[in-house]
Amino acid sequence: MLKKFEISFLPISVSVEKVTDLSPLKKILSPLIALILGLLIGAILILLAGSNPLLGYQALYEGTFGSLDSFTEVLIKAIPLVIVGMGIAIAFQASFWNIGGEGQILMGAIMATWIGTMKFLPAPLMLPLILLGSFVAGCLWGSIAGIFKSKFGLNEVIVTIMLNYVAIYLQIYMVRGPLIDKSMPFWPMSEYLPSYAFLPRLLSTTRLHAGLFLAIGVIISAWIILYHLPFGYKIQAIGLNPSAAQYGGINVGWTLILTVGLSGGLAGLVGANEICGVHHRLLDNISAGYGYTAIVVAVLGHLKPLGVLIAGFFFGALIVGADSIKQMATTPAALVLVFQGMILILVLVIDVLFHYHIHVVRKKEKGEST
Amino acid sequence: MGKQLDKMLERINKNEVMNTYRKHGTSSMAYLEICEVTKHFPGGVVALDHISLSVEKGEIRAILGENGAGKTTLMNILYGLYQPDKGKMILDGKVLQGHTPQKALNLGIGMVHQNFMLVEAFTVLENILVGLPPPQPLLLTSTRVEKRIRELSRKYNLPVDCQARISDLSVGEQQRVEIVKALYRDAQLIILDEPTAVLTPQEVEVLFKVLKEMAAQGKTILFISHKLKEVCSISDRITVLRAGKVIGTIPTSEATHHKLADMMVGKEVILKLERPTCPSGKIVLKVSELSACKSRGVEVLKGVSFVVREGEILGVAGVSGNGQLELAEVLTGLIPATRGKIILSGKDITGSLPRGRIDAGLAYIPGDRLRWGCIPDFSVANNLVLKSFWKDPFTIHGLLQPQKIVGSAQRLIREFDIRTPSSKVEVKKLSGGNIQKMILAREMSLGPSILLAAQPSRGLDIAATEYIWQRLLQTREEKKGVLLISEDLEEILTLSDRIIVMYEGRIRKEMPNENVDINKLGLLMAGAEIG
C-alpha cells in the first residue's frame with residue numbers, strides 16, 4: 001500500500017507505505033522512545049516554568065517506583081484501568097465503539113453499594129454477591145447500546161455517551177437519596193460497607209487490595225475467551241467482517257449483544273472494585289474518569305490482553321507520577337496535565353509512525369503542457 | 001465586465017494552444033484520448049487491460065459492456081477517483097497527471113455517479129455549492145448562484161427547485177440535480193454511469209432529450225450502460241468493453257442488437273472442458289414462487305420457480321441487477337423471502353437462519369468473495385472453519401482446537417491446491433484465484449447436497465477459472481446439485497445442463513443447454529423482444 005502526498009508549494013513529494021507486520025523489537029521500542037521523548041520535552045517545560053527538571057523527575061520516580069507505598073498506589077490505579085480497558089478492548093474487537101465504560105462502572109458501583117448495605121445478607125456470601133451483582137449491572141447497562149445497535153442500527157457511540165450521563169446523574173441522585181448515609185444526611189455519601197464486604201488488603205502497610213487478582217484474572221479470562229473459545233472467534237469475525245460472519249452462520253446481532261454485555265460487565269466489576277477495594281462507600285466522582293482513560297488503554301494495548309495489561313500499568317504510573325510532580329512546590333499544577341497529555345500523544349503518534357515507511361522524494365519538473 | 005473579458009481572452013489563448021497543436025501535426029488529437037490505461041485491483045483482478053479510446057468534442061459516446069467489464073473503473077479513473085497503474089489520458093490537449101476529482105472538476109470533467117453523491121439533508125442549492133472550486137460564494141443563500149442555476153435549467157430544459165431538500169426529491173429529480181451540478185461547474189465532458197438504471201421509462205425519455213440538447217451545445221458525453229436499446233437510441237458511437245479490454249468502437253448507425261450482443265458477451269470459447277453426460281437424479285432444491293425485496297422495499301425478485309436435481313448444473317444467466325443477487329441471498333438466508341417456498345432435500349428452509357441452511361446441506365460461493373466469502377484479516381486456517389468452527393473436531397469441550405484447525409487446513413490446502421506460504425497467512429495476502437479456491441475448499445469440506453455458486457470465476461485468470469470450473473463439474477459428478485448464477489455467458493454455456501434466463505426479477509426462459517443460439521441468449525438477457 002503506497003500513498004503519495006503532493007505538497008504544492010514544496011519541491012518534494014512524500015510517499016507513505018504501510019507496514020503490516022511489525023517486528024517485536026519495534027513493538028517494544030515505540031512506547032520507550034515516546035517515553036524518552038516525552039521526558040525530554042517535559043524537562044524543557046519544567047525548565048521554562050522555572051524549576052529544576054532533575055528534581056522534578058526525581059519526584060516522579062519517588063512517587064511511582066521509589067517505595068513500596070508508591071508502587072502499590074500505581075497498582076491501585078492500574079487495576080481499574082486494566083479491567084475496564086480489557087472490557088473496552090473486547091467490544092472494540094467486535095467493532096463496537098463502547099464509549100460507555102464510565103456509565104457502566106457507575107452502574108456497577110451503585111449495585112455494589114446497594115447489595116453491600118443489605119445487612120441481612122450472610123457475610124461469606126456478601127463479596128461474591130457484590131461482584132456478581134455489579135457485573136450484571138454493567139452488563140445490562142452495556143447491553144442496552146448493543147441491543148439498540150443490532151436491532152435498530154443506532155450509533156453506539158452516541159448511545160453509550162448518552163447512557164454515561166444517565167448513569168452519572170443516577171449515581172448523584174443515589175448518594176443524595178436512597179443510598180445516603182442516614183446518620184450524616186448532609187453529605188452526599190453512602191454509609192460504609194461492612195468490613196466483610198471489603199476486598200481484603202494484601203499488604204498490611206499499604207492500600208493494595210485483592211482487586212489485583214481480579215485484574216489478572218480478567219486478563220487471563222479474556223485471553224481464553226478471545227483466543228480459545230468459539231465465542232472469541234465469533235467476536236473477531238463480526239468485528240472484522242460482519243457480512244462474512246453472517247454468511248458463515250454466525251448470529252451477528254446476538255453475538256454483538258453478548259459481546260457488549262461482557263464488555264459492560266467488566267466495567268461494572270470495576271465499580272465493585274472501587275467500592276470494596278478503595279473507598280468502601282459510594283461517593284461522587286467514584287470512577288475518576290477510568291471509563292474514558294481505559295479507551296486509550298485499550299487502543300494503546302492494541303486490544304490484546306497482554307497489551308492492555310502493560311498499557312494499564314503504564315497509565316497507572318503516569319497518573320500517580322504526575323501527581324507526585326505536582327507536590328513539588330515550584331512546579332505549576334497545570335504542567336502535570338500538559339505532561340500527561342503530551343506523553344499520551346507521543347505514544348500514539350510514534351506507534352502510528354512505526355507502522356509506516358516514509359519516503360521523501362524531490363519533485364521532478366512538471367511535464368504538463370499548461 | 002473585466003472578468004468576462006479575461007475569460008474571453010483565456011478562451012482565445014486556449015484556442016491558440018489548440019491551433020499550435022494543429023500546426024505541429026497533432027491535428028488528429030481528439031478531445032479526449034485514453035491511451036493504454038491499465039488498472040489492477042487487490043486480489044489479482046485485472047480491471048482494465050490496456051484500454052485505448054478517443055472521443056470527439058460534442059459527441060455522445062456510449063460505453064457498453066457487461067458488469068465487471070471495467071466501464072465504471074475506467075470512468076472512475078477518468079474522474080480521478082482511482083489512479084491508473086499504467087497509461088495516460090489527454091483531455092483537450094492536456095495530459096492528466098496526478099489526477100484527482102478536484103483537478104478533474106477544474107478541467108471541466110463532470111460525473112453523474114450510479115449512486116448519487118448528494119447530501120440528502122441539504123437543499124438543491126446547497127448541494128450545488130458544496131465543493132465548488134474557489135472563489136466560493138460567501139453565503140450559501142447567494143442569489144447570484146441561484147440566478148445562474150435558473151439560467152442553466154432554462155437553457156438545457158432541466159427544471160430544479162433550488163430550495164427543495166434532496167430527501168424530498170424523486171430519483172429522477174435527484175439525477176437532474178447531479179447534472180445541473182456538473183453544468184454549474186462548467187463541465188465540458190460529462191460522464192453518466194448507468195444513468196437509466198434507476199429511472200422510469202418516461203424519465204429516461206426526458207433524460208435523453210436533455211443529453212441531446214447538451215451535445216448540441218458542444219458538451220461531450222460519455223454514457224455508460226449495459227442496455228442495448230438505450231445505447232442505440234442515444235449515442236453517436238458505441239465502444240464495447242469486455243473483461244477489461246476494448247472490443248471495438250462502431251458508429252451507432254451501423255450497430256444492431258445482434259452485433260452488439262456478440263461483442264458484449266464474446267463468441268469464442270477460451271476453455272474447452274469435457275462435460276460428460278451425467279444422468280440427473282432426484283430433486284435436491286425446489287424453489288416455488290419466490291419473491292424478495294431490496295432494502296428500500298422495491299421488489300426485485302418476482303415469483304421465481306425452478307428445481308435443481310442431483311448431478312445437474314442449473315445455470316442462471318442474466319445481466320446483473322435483474323434479481324440474481326437477491327435470488328442467491330434469499331436462498332442462503334441473508335435476506336428474507338417475502339413470498340414463496342424453498343425446499344431443500346425435502347425440508348422447508350424458507351424461514352431458516354443461515355446456519356440452519358448450512359446444516360441442511362446448502363453450500364454457497366458468494367459473488368463478492370472479499371465481502372461475503374471470507375474474513376480477509378483472518379488466517380487461511382481460520383477462514384476454512386468459518387462455517388464449522390463450533391463443531392467437533394474444531395471445538396471440543398467448548399475449547400477451540402488450533403492443531404485440528406491447522407491440520408484440516410493443511411489437508412484442504414493440498415487437496416484444493418491453494419497457493420499460500422502457510423495456513424497462518426492472512427487471506428487478504430492471497431491472490432483472487434487462491435481466495436476462491438479457499439472458499440470452494442471450505443464449502444466442499446462441509447459435504448453439501450447442493451452448491452450455490454455466484455460468479456465463481458469473476459476476475460480470475462484462465463488457470464484459476466479452469467480449476468474452479470473443473471471442480472464444479474466434479475461436484476456434479478459426485479451426484480450433487482449445482483446452481484450456477486453467472487453474468488458470464490461462456491461460463492453458463494460451458495458448465496450448465498439447463499439454463500434459465502432472468503430479466504427484471506423474473507425467469508424469462510428455461511431451456512436445455514443444447515445448441516443454444518448465443519445471440520438469442522444475449523438478446524434475452526438484455527431484455528430484447530424475440531419474435
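This is a predicted model: local features need pLDDT of at least 70, side-chain atom pairs count only at pLDDT 80 or more; totals for chains, interfaces and linings use all residues.
Residues count from 1 along each chain as its sequence is written, while chains are lettered from A and ligands numbered from 1 in the order in which they are written.

Let's start with chain B. It has 18 helices and 22 strands; helices here are DSSP runs of H or I with at least four residues, strands are runs of E with at least two, and both are numbered from the N terminus. Take the contacts in chain B with a separation of 6 or more: 69% of them link residues 24 or more positions apart, a contact being two backbone-placed C-beta atoms within 7 Å. The chain is divided into domain 1 (28–265) and domain 2 (283–374 + 447–525), with bounds from an automatic or database domain assignment. Averaged over C-alpha atoms, the centres of these two domains of chain B are 33 Å apart.

Now for where the chains meet. Chain A brings 19 residues to the contact and chain B brings 28. On the chain A side, α8 (230–240) and α9 (242–247) each supply at least two residues. That side of chain A splits into 7 nonpolar, 10 polar and 2 charged residues; Ala, Val, Leu, Ile, Met, Phe, Trp, Tyr, Cys and Pro count as nonpolar, Asp, Glu, Lys and Arg as charged, and the others, Gly among them, as polar.

Staying in chain A, look at α1 (residues 24–48) and α2 (residues 53–66), which pack at about 125° with their axes 9 Å apart. Axes are lines fitted to C-alpha atoms, for helices over the stretch in contact, and angles run from 0 to 180 degrees between N-to-C directions. So α1(A) and α2(A) are oblique to each other, given that under 35 degrees is roughly parallel, over 145 roughly antiparallel, 65 to 115 roughly perpendicular and the rest oblique. Leu39(A), Ala43(A), Ile46(A) and Leu47(A) of α1(A) meet Pro53(A), Gly56(A) and Tyr57(A) of α2(A). This contact has 6 nonpolar, 1 polar and no charged residues.

Compare α4 (residues 101–116) and α6 (residues 156–176) of chain A, at about 30° with axes 8 Å apart. That angle makes α4(A) roughly parallel to α6(A). Among the residues in contact are Leu106(A) and Ile110(A) of α4(A) and Leu163(A) and Leu170(A) of α6(A).

Most residues other than glycine have a negative phi, and most peptide bonds are trans. Ser345(B), though not a glycine, has a positive phi of about 45°; it sits in the loop between β14 (339–344) and β15 (347–348) of chain B and, with 17 C-beta neighbours inside 10 Å, is partly exposed. Gln455(B) also has a positive phi of about 45°, but Gln455(B) counts as buried, with 25 such neighbours. Finally, the peptide bond from Asp392(B) to Pro393(B) is cis, with omega near 0°, and Pro393(B) lies in the loop between α13 (380–384) and β17 (395–396) of chain B.

Definitions and conventions:
A residue is buried if 20 or more other C-beta atoms lie within 10 Å of its own, exposed if 12 or fewer, and partly exposed in between; C-beta atoms are placed from the backbone.
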